[in-house]
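This briefing covers the ligand site and the open spaces of a structure. The structure comes first, then the points grouped by topic.

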Amino acid sequence: MSYFYIMNRIQSKLSEDKKLLSIYFTAGYPKVNDTVEILQQLEKSGVDIVEIGLPFSDPLADGHTIQASSQTALKNGMTTDLLFRQLKDIRKTVSMPLILMGYFNPVLQFGVENFCKKCAEIGIDGLILPDLPLAEYEEHYAEIFRKYNLINIFLITPQTSEERIRQIDAASEGFIYMVSSASVTGSSSGFGEEQEAYFKRIASLSLKNPQIIGFGINNSETFQQATKHAKGAIIGSAFIKMLSEEGITGISAFISAIRKV
Amino acid sequence: MKLNKQIPSAVSRNYNVNEKGYYGDFGGAYIPEMLYPNVEELRQNYLKIMAEESFQKEFRQLLKDYVGRPTPLYFAKRLSEKYSTKIYLKREDLCHTGAHKVNNTIGQILMAKRLGKTRIIAETGAGQHGVATATVCALMGLECIVFMGEIDIKRQAPNVARMKMLGAKVVPATSGSKTLKDATNEAIRDWINNPLDTHYIIGSVVGPHPYPDMVARFQSVISEEIKTQLKEKEGCENPDFVVACVGGGSNAAGAFYHYLNEPEVGIIAVEAAGKGIDSGESAATSVLGKVGIIHGSKTLLMQTADGQITEPYSISAGLDYPGIGPMHAHLFASGRGEFISITDDDAMKAGLELCKFEGIIPAIESSHALAIFETRKFKKDDVVVVNLSGRGDKDLDTYIKYFNL
Ligand SMILES: Cc1ncc(COP(=O)(O)O)c(C=O)c1O
């Protein structure tokens, strides 16, 4: 099979003239076989991009909510292999861009090339592996990602130097995941002046890749604040909390509430 | 003295870290971007700072006056007779706070001060590293927060009390399996949340580069002293073998450090087999582990086929870590090190034997290293240095229960 360059779904989505709403959820939570239904509901509710979280036993960059959902998902029996099986026919019903997000170790055990190949077969568009550093990626894995038309998404934080932001921008082909504050996931409540200044500072750098802001976005207000300065925003912990309280039936109301100005 | 091992030629024979932070194929810094500025700051400065004369002077002075170094190299006469070989014990158990851990915390607190950090965090399993960190924070008047698994807090009450007396705040890690690996995760998360004023004093030769190298350098005082002391006693700096237990691997790294590139010195790393390699309750990472990423380092670790990190088991809380430092993974993969695993029962027996033969109550971690003499035979004139990493006070409860004392 030969792979030629086609515009990735993430790239076409980014070229749309609108602010993007992206949702993260942990695969295998609340129940092990909820993955496909959650994705279908998210698409129906008008979500733009979804990050499907591959649960890991030791999620270093995550706060309590995502840790707990990962632990439950693993207890429920979620594995990399099972997730791929669940997603096998996902492109028959879901057309929005799909990103897998997880820690590097499970990917390494699956085999990086094997993992990317599976992603391509299913129609996954990109990966976010927070603990795979830029230098390692470029030296060992960039070629494999490209071969399978997978976009690798990098993170930046308020502490990332401009020099490094420019390196990351140069290595990116989709969007830059802009972490809103120095924190793990799920820990902020509202954005203050400091974040506002950071959002503006990054916006003023005229990077080639659009930015999508994540961490600490939990309602319509924070979504509006974030997207004032960025192409879009990602909601994770707040969505998972809603899922644990209301289940899949709560998705459509949750998404419309976020979108409401 | 003789050549111990044939080293496979395809793998790196450099046993020190390279400029990219790797020992052979192991190491690196697999960290989320949130940690990059902190780790990078440390990476760019640690060698420079350690080379400063004022740093060396202060470090050496504290090791001498505060820790009580040099620790003796003691010829264990009766034990040597029993096993008909020449056994020396490097007495890290006589360090202030009762174990080698303090060599590292003294070094890192001085590093933290020079980096302008005012808040110190650490992880701890059994509480030894937590106590050693709380101690140096008290010494320097710095805020100290120690993360400890909820289960370990219950198991190690005296060390929790010690840390509190020393002014540290002990924060229970309630995530995951609620033990050492989760305490380490919590410490890392705290560092992500506090990137500016905080230094993370990691407790072993684990974590992202430059930690394994930095901690190994601070602990290398152990083998530096062994060389001088052995020269005095045996007329030769090099023993035939150096033996140390490996949890994360810091006491072993210190004991091996100046011998890594001396091929005539055999290096023996002793891991905890727990209830037996095949029992499902073990911490023998070199046997049961596979290459992966744990706490920012590419190394050998115990994990499921799906890449989830599993919970190890050992009777000694200090050996109860699902990985080993990247230096040790390389010593194993390259064949430079000989790896032996010792069960709970054999370690406990060896611990009691040292009490009876030499009047020294060892930490159960160290007892694992002592236990190899039952099965690993040495020649009569072999000089074998065992790193006695800690004393057994902290383990009295376990000894009492095990032997019905
Ligand atoms: C006395 C003693 N020895 C050994 C260890 C294991 O750690 P490492 O392998 O880093 O020396 C510990 C850890 O707590 C310890 O307290």
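A polar contact is a pair of N or O atoms within 3.5 Å; within protein, one must be able to donate a hydrogen and the other to accept it, and residues adjacent in sequence count only if both atoms are side-chain atoms. The model is predicted: local features need pLDDT of at least 70, side-chain atom pairs count only at pLDDT 80 or more, and totals for chains, interfaces and linings use all residues. Residues are numbered from 1 along each chain as its sequence is written, chains are lettered from A and ligands numbered from 1 in the order written, and side-chain values use heavy atoms, without hydrogens and water.

**Ligand contacts**

- K101(B) has a polar side-chain atom 3.1 Å from an oxygen atom of the ligand.
- For S204(B), a polar side-chain atom lies 2.6 Å from a ligand oxygen atom.
- G249(B) places a backbone N or O atom 2.7 Å from an oxygen atom of the ligand.

**Ligand surroundings**

- The ligand has 17 residues around it (a heavy atom within 4 Å), and S250(B) and S389(B) are among the nearest.
- This shell divides into 4 nonpolar, 11 polar and 2 charged residues, with Gly counted as polar.

**Largest pocket**

- The lining of the largest pocket includes 5 residues from α7(A), the largest share.
- By class, this lining has 10 nonpolar, 4 polar and 10 charged residues.

**Second largest pocket**

- The lining of the second largest pocket divides into 8 nonpolar, 5 polar and 8 charged residues.

Conventions: Helices (H or I, at least four residues) and strands (E, at least two) are DSSP runs, numbered from the N terminus.
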